Amino acid sequence: GYTFSKSTDNGSGIRTLGGDALFPQNSNNFEAERGLSIFDVRHRVVSSILYEFPFGDGKPFLQTGVGAALLGGWQVSNIMSLSSGFPRDPATGQDQANTGSTNRPNAVPGQDPDSGAKTINQWFNTAAFVVQPLNTHGNAVRNSITGPGIFNFDMSILRNFRFTTTKSLQLRLEAFNVFNQPVWNDPNTSVASNLYGTINSTRKPMRELQLGVKFVF
């Protein structure tokens, strides 16, 4: 399945969600809050595949004998998800506007936040934002930074042993994040931070394996 979408708003939730502010930086200018929703995902692809080997009782090949005993009852499955990144809010990291909370910085004309090599040492164009003058609100668009996309590939190998028409045993070897691909977390978007523009964590663990047994009756 493939989904193409776009969501905009001036506030994405009644609770803090992914760094999105609960309140406008200027209560007299709601229009300045108009931007991508914090949960906006432009592209998303998901696939789920289950393949059952065509051997053994009731299958086209090797229905009896040693071949059926060795090759019958096997299944392979996978779930793959691939999506673009989430929008994130640029921040000054300090109370420049003197309102009691952090604010968005000023946008630098001609600088695209999403340009650049996109490495964990500098995920977005850090030159696109500067701290605004004291006692002013920044003019940067809300949620104008796009974080890393997500790629995940899970896989399992199953072996089924049928004892009767209602009772069977299933052995499962499951692997999560099979390719051990880092799924990077969002970058630091605070201009005042020493870690501005960098990514310092992953969104989910690296490869994990587990064994399971399931008895069906």
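Which side chain does arginine 142 meet in a salt bridge, and what is the N to O distance?

Modeller: Before I answer, please note that this is a predicted model, in which local features need pLDDT of at least 70 and side-chain atom pairs count only at pLDDT 80 or more, while totals for chains, interfaces and linings use all residues. Residues are numbered from 1 along each chain as its sequence is written, and side-chain values use heavy atoms, with hydrogens and water left out.

Side chains of opposite charge can pair when their charged atoms come close. The term salt bridge is used here for a side-chain nitrogen of Lys or Arg within 4 Å of a carboxyl oxygen of Asp or Glu, and by this rule the count comes to eight salt bridges. In the one you ask about, arginine 142 meets the side chain of aspartate 9, at 2.8 Å from N to O. This pair links distant parts of the chain, 133 residues apart, since arginine 142 is in the loop between strand 8 (129–130) and strand 9 (145–146), whereas aspartate 9 belongs to strand 2 (residues 8–9). Strands (E, at least two residues) and helices (H or I, at least four) are DSSP runs, numbered from the N terminus.

How far these side chains are covered is described by relative accessible area, where buried means under 20%, exposed means over 50%, and partly exposed lies in between (1.4 Å probe, protein chains only). Arginine 142 is buried, with a relative accessible area of 3%, and aspartate 9 also counts as buried, at 13%.

A second salt bridge joins aspartate 40 and arginine 42, whose closest N and O atoms are 3.1 Å apart. Here aspartate 40 counts as buried, at 4% relative accessibility, whereas arginine 42 counts as partly exposed, at 24%.

A further salt bridge is formed by aspartate 186 with arginine 203, the closest N and O atoms being 3.2 Å apart. Both residues lie in the loop between strand 11 and strand 12, so the pair ties together parts that are 17 residues apart in sequence. Aspartate 186 is buried, with a relative accessible area of 19%, while arginine 203 counts as partly exposed, at 30% relative accessibility. Salt bridges that share partners bring Arg88 together with Asp186 and Arg203 in one network.

The loop that holds this pair also contains proline 205, placed between strand 11 (168–176) and strand 12 (208–216).

Tyrosine 196, leaving aside its neighbours within four places in sequence, is in contact (heavy atoms within 4.5 Å) with residues including Phe124, Thr126, Asn188 and Ser190.
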